[in-house]
Amino acid sequence: MNVLWLQSGGCGGCTMSLLCAENPNVLDTLATAGIEFLWHPSLSEASGAEVITLLEQLATGEQVLDVLCVEGSILRGPNGTGAFHKLAGTDTAMLHWAQKLAVQAQYTLAIGTCAAFGGMTAAGNNPTDACGLQYDGHLSGGALGADYRSRAGLPVINVAGCPTHPGWITETLLLLAMQGIQPDELDNLARPRFYSDHLAHHGCSRNEYYEYKASAEKPSDLGCMMEHMGCLGTQAHADCNLRLWNGQGSCTRAGYACINCTAPEFEEPGHAFLHTPNIAGIPIGLPTDMPKAWFVALASLSKAATPKRVRENSQADHIVVQPGRKK
């Protein structure tokens with residue numbers, strides 16, 4: 001299975017993340033499944049006319065394209081021309097390259113939230129008119145249109161994340177190489193369900209504090225960051241705390257609140273990332289699937305039952321009260 005990787009409007013962070021794949025590294029992982037990069041801007045030696053010739057052959061169907069990966073949002077401006085971002089060495093906008101190549105691809109992957117939904121590149125007043133391949137924020141459409149389907153009959157597969165986890169990329173490619181992906185293996189935003197059926201809350205090392213609503217009040221505190229510090233781990237569709245980064249890390253384990261980076265428009269929550277909006281002390285963003293009345297009742301009971309150990313440790317930067325012992 002061959003893969004063409006293009007970088008559009010973004011920071012290149014998803015490629016940097018991919019290169020952090022380990023045990024084995026990304027190239028060994030893909031090679032064992034017979035996956036080969038036709039071209040990747042950071043991993044391939046080819047450049048200039050050689051690459052342009054390859055792209056032209058793929059766009060006309062002269063050479064088969066199995067997987068098109070696009071990293072970064074598509075810049076449609078000004079006025080829908082895409083002229084803000086032309087592929088180096090050509091007079092053709094990346095918008096039009098993506099459209100021509102996606103028609104030929106067996107599968108098209110949006111790598112990262114910028115390519116999936118617009119992401120950080122589309123934040124603010126979005127002067128470049130940046131969007132995702134098949135979404136513009138929450139709205140379907142984007143650069144390829146809502147009706148786009150690859151040659152395999154699938155919409156754009158949104159491997160969302162900012163940056164996306166290297167395991168999400170490699171596992172998606174391995175699934176495509178071994179058995180393909182069926183429509184029911186994608187969620188309602190076309191994200192692969194092997195990671196989006198989980199929440200970042202699952203496996204969080206702060207879950208005991210969450211259970212008792214023992215909350216952190218400043219970044220160095222050990223407690224749950226949902227109540228005061230903007231953590232959206234109970235709403236974010238990702239397995240970050242089960243499939244750790246570099247074998248041991250995640251945002252919440254590092255003391256930073258989850259900002260739900262796999263979701264459309266996460267980049268503009270309408271408030272500071274490390275702030276939890278609330279009404280009468282009740283967070284506006286409640287855990288997924290939990291009615292407000294249940295949350296209020298649970299929180300009241302939990303706080304009343306909070307052990308001294310959990311309460312005191314939650315607002316400290318290290319364990320100050322050890323667990324008790326029982327015979």
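From which domains does the lining of the largest pocket draw at least three residues each? In this predicted model, the lining takes at least three residues from domain 1 (2–197) and at least three from domain 2 (198–326). The largest pocket holds about 480 Å³ of space, and of the 25 residues that line it, the closest to its centre are Leu 232, Gln 235, Ile 259, Asn 260 and Ala 263. Sorted by class, this pocket lining consists of 13 nonpolar, nine polar and three charged residues.

A search of the whole structure finds one cavity of 30 Å³ or more, and the largest cavity has a volume of about 120 Å³. Of the 14 residues lining the largest cavity, His 201, Cys 204, Cys 224, Cys 231 and Gly 233 are the closest to its centre. By class, the lining of this cavity has seven nonpolar, six polar and one charged residues.

Helix α3 shows how burial can follow the geometry of a helix. The twelve residues of α3 (residues 49–60) should span 16 Å at 1.5 Å a residue, and because the C-alpha atoms at its ends are 17 Å apart, the model agrees with that expectation. Within α3, Val 51, Ile 52, Leu 54, Leu 55, Leu 58 and Ala 59 are buried; these residues cover an arc of only 160 degrees around the axis, and therefore lie on the same side of α3. An α-helix has 3.6 residues a turn, so residues three or four places apart point the same way. On the other side of α3, Ala 49, Glu 50 and Thr 60 are exposed.

Key: Residues numbered from 1 in each chain as written. Predicted model: local features only at pLDDT ≥ 70, side-chain atom pairs only at ≥ 80, totals over all residues. Heavy atoms only, no water. 1 Å grid on protein atoms, 1.4 Å probe; cavity = no way out; pocket = protein on both sides within 12 Å on 5 of 7 lines; lining within 4 Å. Points joined across faces, edges and corners; volume = space filled by probe spheres on them. Nonpolar A, V, L, I, M, F, W, Y, C, P; charged D, E, K, R; others polar. Domains from an automatic or database assignment. Helix = DSSP H or I, 4+ residues; strand = E, 2+ residues; numbered from the N terminus. Expected span 1.5 Å × (residues − 1). Buried < 20%, exposed > 50% of the residue type's maximum accessible area, 1.4 Å probe, protein only. Arc of directions from axis to C-beta.
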